[in-house]
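This report describes selected features of one protein model. It begins with a single residue and then turns to an annotated domain and a sheet.

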Amino acid sequence: MTRARRSDNALTRLVRRPGAVVALVFLALLTFAVIFADVVAPIDPLTQDLARARELPSAAHWLGTDGFGRDIYSRLIHGGGSTLGGALLAAVVAMTIGIPLGMLGGYFRGWVDTVVSRFADVFQALPTIVILMAVIGAFGNNNTVAMVALGVAMCEGFIRLARAMTLQVRRELYVDAASVAGITSGSILVRHVFPNIRGPLLVQLSITAGAALLIQAGLGFLGLGTPPPAPSWGGMIDEASDLIYLHPWLLVPTGAIMILSILSFNVLGDALASDRPGGVLAGVRLPWMKPLPVAEQPVAMSELVPADPKAVVSVRDLTVSFTDRNSTFAVVQNVSFDVMPGEALGIVGESGCGKSVTAKALLGLIAPGGKITGGQVTINGTDVVGLSNRELRKVRGTTIALVSQEPMVALDPTFTIGAQLRESIAHHTGRKGRELNDRALELLRLVGMPDPAQAAASYTFQVSGGMAQRAAIALALTGEPDVLVADEPTTALDVTVQAEILDLLRSLRKDLGLAVIIVTHDLGVIADLCDRAVVMYAGQVIEQGAVDTLLTTPTHPYTRALLASMPSHAIPGLPLDAIPGAVPAPRDWPEGCRFAPRCAFATDACRSAPVPILAQHGGLSRCIRVDEVLAQSRNRTEERNIA
Amino acid sequence: MTIEPLLQVDHLQMRFKNPKNRRNTVHAVDDVSFTVAPGEIVGVVGESGSGKSTIGRCILGLETPSDGDIHFDGSDLGAHSKLRNRRDLASRLQVVFQDPYSSLNPFRTIGQTLAEPLQALSRVSDAQADARVRDMLEAVGLPREAADRYPSQFSGGQRQRIGIARALIMEPKLVICDEAVSALDLSTQAQILNLLSKLAADRGLAYIFIAHDLDVVRYISDRTLVLYRGRVMEQGASADVYSRPLHPYTAALHAAAPVTDPVEQRARRTARAKIVRPAPEIGPTTGHAGCPFAARCAFAQEVCTTDRPADTPVGERSVACHMYNATSGHTRQGAGMSGVELAVT
């Protein structure tokens, strides 16, 4: 965990983003120049010199002169006040009206919401430019009045956004918790809702400021807002556009400063929007900084798993690494295992141990920033590491398929289940017409849908989670794969539904000879479905073997501790055998045995050097104290039997 | 000797009407009654859609029930205005939520989050509040400096400790733990369960422990309510409900939870096939009449789909199943009990 710094505030976090710093400096300089325009640009912006009209930049006139020989640089700086100031004024007015109204509507709903929404509707229905014309008509050509009116007309965007975001945040549990704690609605809005909707609102503010800047310039272009000859950016563009073919340079300085201003608003808005306190900000990595070293490589594991030509999946020393701003670090190291046809292998461990990354790497699916940096993955005789995406697509689905944790995410809600199956069957097998439909229904029957025809005609949101998972499994089977990778397929399901899905996977193994690789954190699921299991901790395999022995006489203290911490093994009234601490992040993996800091058996020998995985007691175990672990387990069993 | 219950829930109902179809009303909580004694831990177990969280939210005042009474520690939770009610109750009734990631405001330090209810409800100085916050953090196994950090700097298990600290800082009498350990890894879950047990014992707290895992509920709670589709199927002492389930649904729930011993797991699998029929096609059950579990129950008869089973006392326990009611017309009278038991053991 990072040490807290007291100076963790929005500004210190902001200056760690290079883009934001540039934007902030630009806007600060521009504001400074505009405020102290007389000092920064001493030439009078109104002084004409027709003899020196339309000159290119020179020492006297840094940005050249316009059609009347007036200094462009000076006009830009002096005109910035009305344009930039006007745009900011409009944006601030819009924000001040819009945010409170939107938040009230979203938080209290009911009639408050109706009133607020209708108010927003009115302003959305009225064209902004018509409102501005009317205001200028009534109050004369006054920039300030026009910009306040523009702000009121633009408040609708803030109302809608603040309302939508508030509706979302008010459902957050911390709002519920504050309400249970007796905090008043006003305090909840200020302390809990506002900070959490601030990001998108800042983006809206920057977009609004940019749009207002354009509208202000547009008014100037029409000769409204700031009456000529007083300088304004819009007026300057208007004048320049008359001479665009003869003297294109005239448009460049004004155009550039407008683009840079709007860009800066947006960059700053984005940076503020993604601001989160306490985040681990790695800072910027500059080219001359060296990446931090990768954690010590453990002893290779491949020799321990003998080559078996019958294996349908063969993984040897698989290593997956991720790169971030500061370093490259492995999240999975030297994982080796085989899967036989029709066999079920379980990969088990806590979150952050690399089990899901390992399983997905078999399909070549790795999150952005990561890649396979070592080892082989052989599926049906083909090494898939290093294959291009196109070659991988041939393997995916037809040889190895994936079922994920969230069936609702795997399936597209805009198509029926039948349509998705037919599309995938056509893609994989080239079947057509009636055959497609017959095969789809056959698959749905195979995965235990009670009424395949009705299921095929349903959309995913019309079926329960369990049925959706069956449909997702049917979809995975369309390419008739030999191996099914199931990544926590039952974690999101109820326990009675989980039992049914596990039954289904068991029957698919028996009927189709399908090999199953299941990733789970539940040792009960392993016991129910698998022949063999791989236990992972901190990116490494720490134990591997047949389920019957692994779950009854574990050789690694981690496996043993996981089993002991299961509530089904707990005796009411006695504390559970919890494992102290938590799985460390990949960067903090210890040099020696990675489980040592949490292990009851650890000695200095465990901590000093990486521990190799060895064949012992009928399986593989990455522990140098296996005998002690087994001896204590035996004592425990005896104690229980006596009791 | 009867102890005055701390919380008494009577005939609680929560209906969600479908505005497009009046007949399609969802009974999220359907006539639920139970009590919680001071210092007692009551487990509420059920699958998604069983209404277990809605019961908790009704008690907390986060939802307004459609019908029924809730009496807590001398206050009628239906009678007061919402705000006065909450301010008055906040120091006696608290909550620990499931999701450690959305239950803490990412923009406030842990200290600010914990001190907020203290400062809102009782006049304490900043220094006093800060001292109490840090003491509380220590009590839940976190360093005192944790108060200066933001939620994103903590792991899921640590955030859950913070959630517990927030609930306990007001020294409540009853804490509703709404799936408080469900989102955690096994080893962290064990740590948090130990912490909750210890705090309950040390401070004489009562919990309503809502979970979907029968094993977790059995371990931590004194009494267990088994819910299915908004109704209490069975309630009684946790040890009894677990080891001798009366209701076929409880037995099904028990048999569906996989155990880690492969041999025992094979036995459980066989047992499950005897009590549960394959899941029926999607869609609502038989409706408001009848037993909600009838469609999946291997012992179901016609009476189960037409008549609502009454809560029938069996010893110290109560079960809503026709098999235990001599006048219901179910032919497996009495024999049902041994049938369910046989299937499980």
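## A glycine within a helix

In this predicted model, Gly151(A) lies in helix α7 of chain A, which spans residues 143-169. The relative accessible area of Gly151(A) is 0%; this residue is therefore classed as buried, a term that applies under 20%.

Apart from neighbours within four places in sequence, the contacts of Gly151(A) are Ala90(A), Val93(A) and Ala94(A). Gln333(A) is 182 residues from Gly151(A) in sequence, and their C-alpha atoms are separated by 57 Å in space.

## The annotated domain

An unreviewed UniProt entry carries the annotation "domain: ABC transporter" for residues 315-563 of chain A.

Chain A contains an open sheet of eight strands with mixed pairing, in the order β6-β7-β8-β3-β9-β10-β12-β11. Its edges are formed by β6 (400-403) and β11 (614-616) of chain A, each of which pairs on one side only. From one strand to the next, the twist averages 20 degrees.

Within this sheet, β3 (residues 344-348) and β9 (residues 532-537) of chain A are paired in the parallel sense over four bridges. Val534(A) in β9(A) is the bridge partner of Ile347(A). Helix α22 of chain A (residues 557-564) packs on the sheet and touches both β9 and β10 (540-546) of chain A. The direction of helix α22 makes about 100 degrees with that of β9(A).

Notes. Residues numbered from 1 in each chain as written. Chains lettered and ligands numbered in written order. Predicted model: local features only at pLDDT ≥ 70, side-chain atom pairs only at ≥ 80, totals over all residues. Heavy atoms only, no water. UniProt positions renumbered as here; feature names shortened; annotations may be inferred. Pairing = 2+ DSSP bridges. Helix = DSSP H or I, 4+ residues; strand = E, 2+ residues; numbered from the N terminus. Axes fitted to C-alpha atoms, helices over the stretch in contact; angles between N-to-C directions. Contact = heavy atoms within 4.5 Å. Buried < 20%, exposed > 50% of the residue type's maximum accessible area, 1.4 Å probe, protein only.
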